[in-house]
Amino acid sequence: MTRIKRGYIAHRRRAKIRLFVSGFRGAHSRITRSIAQQRIRALVSSDRDRGRQKRDFRRLWIIRINAAIRENRLSYSYSKFIHNIYKKQLLLNRKILSQIAIFNRNCLYMISNEI
């Protein structure tokens with residue numbers, strides 16, 4: 001019986017998957033069945049952690065703003081500060097306020113005194 005060589009489609013599919021997991025360690029980058037599982041797991045983790053990253057950064061910005069405001073020895077808390085910003089209709093989000101708190105404290109103090 002003559003030898004039958006399989007087609008190249010499966011080889012191309014596996015090669016594509018291998019490119020995705022090329023940085024993984026051990027069998028996770030070599031064995032096809034393990035590669036498929038690790039690829040699914042990596043995609044699930046990246047999808048989940050995109051939302052988590054947004055939450056983590058927002059928490060960080062709030063902590064920075066609160067620390068800067070309380071350091072000023074004002075009778076302010078973070079919640080009162082944000083409430084007053086919304087009342088005055090200042091278009092400064094938490095990310096911008098935290099950058100101001102880090103790099104230019106005087107400007108943040110001026111904003112807090114203004115409101």
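1. Rings of Phe, Tyr and Trp, the last taken by its six-membered ring, count as a pair if their centres lie within 6.5 Å. Planes under 30 degrees apart make the pair stacked, planes over 60 degrees apart make it edge-to-face, and anything else is tilted. By this rule there is one aromatic pair. Its members are Phe57 and Trp61, with ring centres 6.2 Å apart and planes at 35 degrees, which makes the pair tilted. Please keep in mind throughout that this is a predicted model.

2. Where do Phe57 and Trp61 sit relative to each other in helix H2? They are four residues apart in that helix, which covers residues 32–71, so about one helical turn separates them. Phe57 has a relative accessibility of 38% and is therefore partly exposed.

3. Another ring takes part in an arrangement with a charge. The charged end of Arg39 is placed over the ring of Phe20, at 5.6 Å from the ring centre.

4. The count of salt bridges is three. One of them joins Arg50 to Asp47, with 3.0 Å between the closest N and O atoms. Both residues belong to helix H2 and are three residues apart, about one turn of the helix. Arg50 has a relative accessible area of 45%, so it is classed as partly exposed.

5. A salt bridge also links Arg48 and Asp49, where the closest N and O atoms are 3.1 Å apart. Are these two residues buried, partly exposed or exposed? Arg48 is exposed, because its relative accessible area is 51% and the class begins over 50%. Asp49, at 33% relative accessibility, is partly exposed.

6. Glu71 and Arg105 form a salt bridge through their side chains, at 2.5 Å from N to O. Glu71 is partly exposed at 47% relative accessibility. Arg105 is likewise partly exposed, with a relative accessible area of 31%.

7. Arg94 deserves a separate point. This residue belongs to helix H4, which spans residues 94–103. Which side chain of opposite charge is nearest to Arg94, and how far away is it? The answer is Asp56, at 14 Å. Arg94 is buried and has no salt bridge. Leaving aside residues up to four places away in sequence, Arg94 touches Arg58, Trp61, Ile62, Ile65, Tyr78, Ile82 and Tyr86. Trp61 in that list is also a member of the tilted aromatic pair.

8. Two residues of helix H3 complete the note. Ser79 lies in this helix, which runs over residues 78–88. Its side chain makes a polar contact of 3.2 Å with the side chain of Ser77. Ser79 is 29 residues from Arg50 in sequence, and their C-alpha atoms are 26 Å apart in space.

9. Asn84 is also placed in helix H3. Why is Asn84 classed as buried? Its relative accessible area is 14%, and buried means under 20%. Apart from residues up to four places away in sequence, Asn84 touches Tyr76 and Ile115.

Notes: Residues numbered from 1 in each chain as written. Predicted model: local features only at pLDDT ≥ 70, side-chain atom pairs only at ≥ 80, totals over all residues. Heavy atoms only, no water. Buried < 20%, exposed > 50% of the residue type's maximum accessible area, 1.4 Å probe, protein only. Lys NZ or Arg CZ within 6 Å of the ring centre and 35° of its normal. Lys, Arg positive; Asp, Glu negative; His and termini not counted. Salt bridge = Lys/Arg side-chain N within 4 Å of Asp/Glu carboxyl O. Contact = heavy atoms within 4.5 Å. Polar contact = N/O pair within 3.5 Å; in protein donor to acceptor, adjacent residues only side chain to side chain.
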